[in-house]
Amino acid sequence: MGARLISLILLIAAWYAGSQMAGARLLPDPQAVALAIVDEARSGALAFNLGATLARVAVAFTLAMALGSVIGLVMGRSRLADRLGDPWLIVLLNLPALVIIVLAYVWAGLTETAAIAAVALNKLPIATVTVREGARSLDRALDDMAQVFRMGAWTRMRHVVLPQLAPYLAAAARSGLSLVWKIVLIVELLGRPNGVGFEIGVAFQLFDVTRILAYALAFVAVMLAIETFLVQPLERHVSRWRPKPA
Amino acid sequence: MLGELAFSLGNGEVAALVGPSGCGKTTLLRIIAGLDSDFEGSVALPAHGMLGMVFQEPRLLPWRTVEQNVRLAAPRATDAALGTLFQALGLTAHRDHFPGELSLGLARRVALARAFAVEPDLLLLDEPFVSLDDALAARLRDELADLVNRRPITTLLVTHNVEEAIGLADRLLLLSLSPARVLADVPVTRPRTPRTPQELAAMREEIAKRINGASL
């Protein structure tokens with residue numbers, strides 16, 4: 001805890017020093033940015049934009065995780081599904097995020113649906129690949145045991161398969177969340193009228209670095225809070241049966 | 001791996017499949033359990049076909065407690081029945097432990113409890129006491145004999161340990177090396193509980209003679 005605090009203080013100190021050297025126009029100092037955040041918060045704009053962005057993150061993330069995991073599980077268990085889906089997967093994985101976003105906007109218009117679909121499509125193949133690995137490494141011995149004891153499909157999914165997939169799902173969720181919010185900002189910049197990405201775009205055009213940093217920091221703070229208060233406790237709960245290292 | 005094989009078990013009979021390592025005993029058990037369909041022939045299981053199986057490794061779900069592991073396999077078992085079973089196998093103190101916290105002997109007992117909790121029509125045991133130290137294995141064999149004596153279940157025990165087979169079974173099916181055939185079908189006449197060391201020794205002699213005679 002002490003080390004982290006010192007590191008944080010050093011970061012802010014370096015920031016302050018940098019702003020003095022580069023000048024307020026290029027790198028505003030921490031106080032200016034803090035004031036900007038407070039301003040935006042008071043006017044309600046911060047909450048509104050943060051809310052819009054978070055909503056998009058939530059929907060796109062859920063879509064990508066749900067669909068991606070199911071497809072990954074199926075592909076990991078069925079060789080036919082794997083052979084059929086693999087080419088599509090590889091194409092999607094290697095298609096640049098920007099291309100998917102631009103094509104979505106071109107084909108579906110500058111709509112919310114296109115935006116969220118583009119984000120989800122970007123993240124889906126990663127979830128699929130990760131969960132597919134998990135599905136491939138499922139313990140056949142436990143499958144056999146469940147079969148001999150005539151366990152039902154739901155029992156097997158809940159008690160045999162999902163706990164084994166949990167680390168893979170967690171990894172997919174982790175990398176997915178950090179990817180999704182970065183791409184959400186891009187879709188907002190390119191074709192939405194609100195959200196953190198949009199605000200950063202406007203600030204960029206006005207060369208308002210203070211505003212850029214204000215929104216960036218506010219957003220990072222929110223994502224860190226989600227990580228600390230949502231993701232980590234969930235991860236601890238799911239791993240409670242693991243023997244702790246001595 | 002398996003040659004021509006045919007045998008049938010009577011109701012409540014405990015049979016042991018004895019044979020050298022690698023002759024296909026586990027494969028045979030898997031076929032009977034319905035886990036392997038790469039064979040010609042048929043398997044006729046008792047009426048409703050509830051199977052209880054104890055594998056070579058305990059195969060417990062590491063993320064569920066002992067009690068949950070047993071209940072997942074036997075959802076219809078009553079609390080009273082489970083209580084008695086856990087007590088008989090010395091597991092009452094471990095009901096809320098996770099398999100990662102158990103020794104191998106305890107884990108094996110949980111696997112036994114799970115197979116019995118199902119109240120199976122056919123109990124399959126695949127070398128359940130292998131890799132345990134002698135004292136512990138002997139104790140678990142006694143506990144198994146005890147459970148089987150209380151309520152007769154048609155049982156098929158696979159083992160390469162002739163002693164174990166003589167001590168537990170009513171009937172020994174001796175298997176040859178691959179491709180496995182039934183060499184001999186030896187009934188054990190003495191009742192399970194008071195099988196004295198002398199009787200065991202006598203049986204061992206007899207079995208050895210049969211194996212040596214038949215494998216030529």
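These questions and answers cover the sheet and the domains of chain B in a predicted model.

User: In what order do the 6 strands of the open sheet in chain B stand?
Analyst: The pairing in this sheet of chain B is mixed. Read across the sheet, the order is β2-β3-β4-β1-β5-β6.

User: Why is one side of β2 and of β6 in chain B left without a neighbour in the sheet?
Analyst: In chain B, β2 covers residues 51-54 and β6 covers residues 182-187. Each has one side without a neighbour because both stand at the edges of the sheet, each with a single partner strand. From one strand to the next, the twist averages 15°.

User: Which residue of β4 in chain B is the bridge partner of B:Val14?
Analyst: Strand β1 of chain B (residues 14-18) runs parallel to strand β4 of chain B (residues 154-159), and 5 bridges join them. Within β4(B), the partner of B:Val14 is B:Thr155.

User: How many residues of strand β5 in chain B are buried?
Analyst: Strand β5 of chain B spans residues 171-175 and is mostly covered. A residue counts as buried if 20 or more other C-beta atoms lie within 10 Å of its own. Of the 5 residues in β5(B), the number buried is 4.

User: Through how many residues does the hairpin join β5(B) to β6(B)?
Analyst: β5(B) and β6(B) pair in the antiparallel sense, over 5 bridges. In this pair, B:Leu174 stands opposite B:Ala184 of β6(B). The hairpin joins the two strands through 6 residues.

User: At about what angle does helix α4 of chain B run to β2(B)?
Analyst: Helix α4 of chain B, residues 104-117, lies across β2 and β3 of chain B, where β3 is residues 122-126. Its angle to β2(B) is about 170°.

User: How far apart do the C-alpha centres of domain 1 and domain 2 of chain B lie?
Analyst: Domain 1 of chain B is made of 1-50 + 121-216, and domain 2 of chain B is 61-119. Their C-alpha centres lie apart by 24 Å.

User: Which helix gives the most to the side of domain 1 of chain B that touches domain 2 of chain B?
Analyst: The contact takes 10 residues from domain 1 of chain B and 11 residues from domain 2 of chain B. The residues on the domain 1 side divide into 8 nonpolar, no polar and 2 charged. With 6 residues, the helix that gives the most to that side is α5 of chain B (residues 134-150).

Methods: Residues numbered from 1 in each chain as written. Chains lettered and ligands numbered in written order. Predicted model: local features only at pLDDT ≥ 70, side-chain atom pairs only at ≥ 80, totals over all residues. Pairing = 2+ DSSP bridges. Axes fitted to C-alpha atoms, helices over the stretch in contact; angles between N-to-C directions. Contact = placed C-beta atoms within 7 Å. Buried ≥ 20, exposed ≤ 12 C-beta atoms within 10 Å, placed from the backbone. Domains from an automatic or database assignment. Nonpolar A, V, L, I, M, F, W, Y, C, P; charged D, E, K, R; others polar.
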